[in-house]
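Let's take a walk through this structure together, one region at a time. Keep the viewer open as you read.

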Amino acid sequence: MKCFSRYLPYIFRPPSTILSSSCHTEADIISTVEFNSSGELLATGDKGGRVVVFQREQESKSQPQRRGEYNVYSTFQSHEPEFDYLKSLEIEEKINKIKWLPQQNAAYFLLSTNDKTVKLWKISERDKRPEGYNLKDDDGRIRDPSTITSLRVPVLQPMDLMVEATARRVFSNAHTYHINSISVNSDLQTFISTDDLRVNLWNLEITDRSFNIVDIKPANMEELTEVITSAEFHPQQCHTFAYSSSKGSIRLCDMRQAALCDKHCKYFEEPEDPATRSFFSEIISSISDVKFSHNGRHLMTRDYLTVKVWDLQMENKPLETYQVHDYLRGKLCSLYENDCIFDKFECVWNGSDSVIMTGSYNNFFRMFDRNTKRDVTLEASRENSKPRAILKPRKVCVGGKRRKDEISVDSLDFSKKILHTTWHPHENIIAVAATNNLYIFQDKVN
Amino acid sequence: MFPKGTKRKFLDSAEDAATATVAGEQGPASTRTPSPSYSLQRQSLLDMSLIKLQLCHMLVEPNLCRSVLIANTVRQIQEEMTQDGTWQIMTQALAAAQCPTDRLVATEVLCRQSDPAAAAAAGQSPKPYPLVGGLDRGYHSEEVVMEAGDAHKEALPTQSYLAGPFGMGPCWEEEQQQQEEEEEEDGGDEDGEESEGEDVDERPEVDSRPGEQVFGTFEIKQQPPPPPPPDPALEELFSDVDPSYYELDTVLTGMQSAPKMGPYDLLESLSSHGPQPLSPGASCRSDLNELDHIMEIIVGS
C-alpha cells in the first residue's frame, strides 16, 4: 500500500507531455479520454474524428523507479464527416465518447461514437506474416502457374509489429438527436447509446436494430423542458442503468420492470435551496456527467459548480457535495453571456472510489478525497510538466489580498477548460485533456 | 471568449443584487415591486437569452440541450415579469408600436393564403395565442376563456365584415386568430372598441410575432385554457417531412426556414418600443411565402 494518502490527495508528477502541438487546429482538440479496464491502454478521441490509443510501456527491471510511460500504440480515423441529405445537415465527426470492452482475447475492442453513429473497433497486433506462397511472389505479384514446379507450405515469419484497427460493427440510424454517451453493460453483450431524448439498447452483434428503452420526447415538442444529458449502466447489475437530466435529476431504471423504462425505480434530486435561487439556477443544476462508483453503491454527478456523490439507497439528497469552483457563483451572468455556463465537465472516480476528480477553468483540475475531506487544485500546463517535477497545488483567491502564488478570479482564462479526465482503474495515474494537449500524471513513487 | 482580466462589475454586482432580490422577496406576487436595477438586469438577461435562441437556430444543427435551457430561462423571466405586471406593460407597448406599419403587410399576407391548408399551417404558427393571452393575469384571463370558448362565434361578425372587401373565405381562420391576438394584446385598453374589427387585418404580424412566438410557445402551466389540439393530420405531415430540429425551430421562432430577421431586430422590437422599421416585417413575410410554398408542395402535389 503506497503512502501517498498522507499527501492529500496525491502528489503527481508528469513523466512527459504527449500529443501536444503549439499551433493546433480545431480538429486536434481532444474530446474524450478513457483508460481501458486494465489500464494498459489509454484512448483519446478528437474533434477531427481520430482515435489515438496509447499503450503503457512494460516496466523495466533496470529502472524500477520509472513507471511505464505511455506511447502511441495506434492511430486511426474513426469517424468521417458526413452529410445528412434529408435534413441538409452536416454530421460532425467529433468523437463524443469512447468506451472500452473488457479484453477477452488478444485483440482490443472499443466503442467510439460521434453525434449519430457508434462504431465497434477491433485493435489487433500483427507481428508475423506468411511467406512462401505458391501462387504469388513475396511482393504480391501473381506467379505464372506454368512456372510452378513444386509446392511449398507458406511459413510465418516475424515482421515489425503492426497494429491495425478495423471497424467491426457500425451502429447507425438509431438517433434523431445528438448522442451524448455510450455505456457497455456488465453482461458484455449489450450497450446503450443515449441522445438528448432517448436511450437505445443494442446488442454488440446486431447492428440493424436497437431497442428504445427510454423516450422522454413529449408528444408536442413545444412542451419540451428537459433533456437527457448522460446515461450509464450499473457496473455489476446488468439490468440497472441511470440517466441524468438537464434539470438536475437522476433516474435509476430497472430493465426487468418493463420494456420501456420511462418509469424510474429511483429518482434522485436535491431540492433547490431558495436562498441561492436565481435565473441561472436551472442551468447550473443541469448535470453534465454521471458515473457509478466502481463498487456500484454510489453515483457521482457533476453540475456546473459542484460534484455530488449519491448513495443509491438515498434519493432525497446527496451523500456528499463538493464545491468545484464556487467563486464563479457571482459571475454567472458573464458566464451565461460568453456561453461558458453551458460547458459540460466530466467527473471520474479513482480505482478505490476514495478520490474523485473533475476539471475546471484555467487548465485547473480538482481532486477531492472523500475520506479525509481534503481537496487540491492542480494545473495542467507546460510549465509544470518538467519530468520528475511535482505538481504544485494552486489556489484561486476570491477577494481581498491576493497572495503571491494565488490567481484572482478575474485573471482566470475561461478558454482553457479541462472537460475530460480519466483515472487508471488500479493505479494513481491520471490523464487530463487540456484543449489539444494530453497530460498524463503519475503519483510519486517513494 | 471571455477576455482575460475584464471586469464585468456592473453586470455581476447587479446579478448579485438580482439574486438577493429574488431570494428576499417571498411575498405575494402582486405586492412585489422590482427595483429598477433589477428590472434592467432582468430585461437585459431576457434580451440576451432571446438573441441566443435566435443564434441557436441560425446554426445548422442547434444544440437541443442548450436551446432548452435558454428557453426555460426565458420562460422563468417571463413568469416573473408577468407576476410583476411588467410583462403586460411590455406587450401593450409592443402592440401599440406595431399598429401603423402592419396594415399593408398583413393585407398582402392575407391575400396570399388562398390555400386552406396553407392558412391552417400558417395559422398553426400563431397557434399558441391563448398562451399569450393566458399570461395576462387578472381581468384578462376571463376574456381569454371567453374568447377561446366562443372563438368562432366572435369571429363571425368580424369575418363577414372582412369578407366583403377581401372576399377571402378560406382565410377566416387566420383572421380569427389575428383578431384574438389583437384583442388580447389590446385588452389593456379597457373595452374592446369596435375599431378592433378594423384593426384585424393589421394583425401584429411579424414584428411582434417572433417575440410572441418565442414567448407564447413556452407553455405556462397555469389557469389559461389549453391550446387547441394540433391538427393530427398536419402534425403527421410535419413529423414526416420536417425533422425534429425544424419542429423545435417552428416552436421557438415560429418560422419554418432559417430566420431572416437579425438578432438585433428582435432586440430592438423588445427593448426600444420605438417605431418599427418595415424591413423585419418584410423579411418575415418572405418566410411566410416560403412556408406557403412548402405547404403547397406538400399538400398540393
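A pocket here is an open set of grid points where a 1.4 Å probe fits, with protein on both sides within 12 Å along at least five of seven lines. Its volume is the space filled by probe spheres set on those points. Please keep in mind that you are looking at a predicted model. In this model, the largest pocket holds about 1,700 Å³ of space. A total of 47 residues line this pocket, and the closest to its centre are A:Lys47, A:Glu92, A:Lys94, A:Leu419 and B:Asn63. To find the lining in your viewer, look for strand 2 (30–35), strand 7 (89–91) and strand 16 (228–233) of chain A, along with helix 3 of chain B; each of these supplies at least two lining residues.

Now turn to chain B itself. Chain B has 15 helices and zero strands. It contains 301 residues, and 55% of them count as buried. If you take the contacts in chain B between residues at least 6 apart in sequence, 80% join residues at least 24 apart.

Which residues have the most contacts inside the largest nonpolar core? They are A:Tyr304, A:Leu328, A:Leu335, A:Tyr336, A:Ile341, A:Leu412 and B:Leu46, in a core of 46 residues. Helix 3 of chain B gives the largest share, eight residues. Apart from this core lies another one, of 16 residues, which include A:Met367, A:Leu391, A:Trp423 and A:Tyr439.

A:Tyr304 deserves a moment of your time. Beyond its neighbours within four places in sequence, A:Tyr304 is in contact with a list of residues that includes A:Ile284, A:His325, A:Leu328, A:Cys340, A:Asp343 and A:Tyr361. A:Tyr304 also belongs to a cluster linked by ring pairs, together with A:Phe345, A:Tyr361 and A:Phe414. Another ring of the core, that of A:Tyr336, has the charged end of B:Lys52 sitting over it, 5.3 Å from the ring centre. Elsewhere in chain A, A:Lys136 lies over the face of A:Tyr133, at 4.7 Å from the ring centre.

That brings us to the aromatic pairs. Over all chains, the structure holds 19 of them. One is formed by A:Tyr73 and A:Tyr108, edge-to-face, with 6.0 Å from centre to centre and 85° between the planes. This pair links distant parts of the chain, as A:Tyr73 is in strand 5 (residues 70–77) and A:Tyr108 is in strand 9 (residues 108–113) of chain A, 35 residues apart. Both tyrosines, A:Tyr73 and A:Tyr108, are buried. For A:Phe233 and A:Phe241, the ring centres are 6.2 Å apart and the planes stand at 75°, so this pair is edge-to-face too. A:Phe233 and A:Phe241 are both buried.

Next, follow chain A to strand 11 (residues 155–171), where you will find A:Arg168. Is A:Arg168 buried, partly exposed or exposed? Its relative accessible area is 46%, so A:Arg168 is partly exposed. Not counting residues up to four places away in sequence, A:Arg168 touches A:Phe109, A:Leu120 and A:Lys122. In the loop between strand 10 (118–131) and strand 11 of chain A sits A:Gly132. A:Gly132 has a relative accessible area of 9%, so it is buried. A:Gly132 and A:Arg152 are 20 residues apart in sequence, with their C-alpha atoms 7.0 Å apart in space, and A:Arg152 is among the residues in contact with A:Gly132.

Our last stop is a look at backbone angles. A:Asp339 is not a glycine, although it has a positive phi of about 75°. A:Asp339 is placed in the loop between helix 2 and strand 24 (347–349) of chain A, and with 27% relative accessibility it counts as partly exposed. A:Asn362, again not a glycine, has a positive phi of about 60°. A:Asn362 lies in the loop between strand 25 (355–359) and strand 26 (364–369) of chain A. With a relative accessibility of 8%, A:Asn362 counts as buried.

Technical notes. Residues numbered from 1 in each chain as written. Chains lettered and ligands numbered in written order. Predicted model: local features only at pLDDT ≥ 70, side-chain atom pairs only at ≥ 80, totals over all residues. Heavy atoms only, no water. Core = buried A, V, L, I, M, F, W, Y, C linked by side-chain atoms within 4.5 Å. Buried < 20%, exposed > 50% of the residue type's maximum accessible area, 1.4 Å probe, protein only. Helix = DSSP H or I, 4+ residues; strand = E, 2+ residues; numbered from the N terminus. Contact = heavy atoms within 4.5 Å. Phe/Tyr/Trp six-rings, centres within 6.5 Å; stacked < 30°, edge-to-face > 60°. Lys NZ or Arg CZ within 6 Å of the ring centre and 35° of its normal. 1 Å grid on protein atoms, 1.4 Å probe; cavity = no way out; pocket = protein on both sides within 12 Å on 5 of 7 lines; lining within 4 Å.
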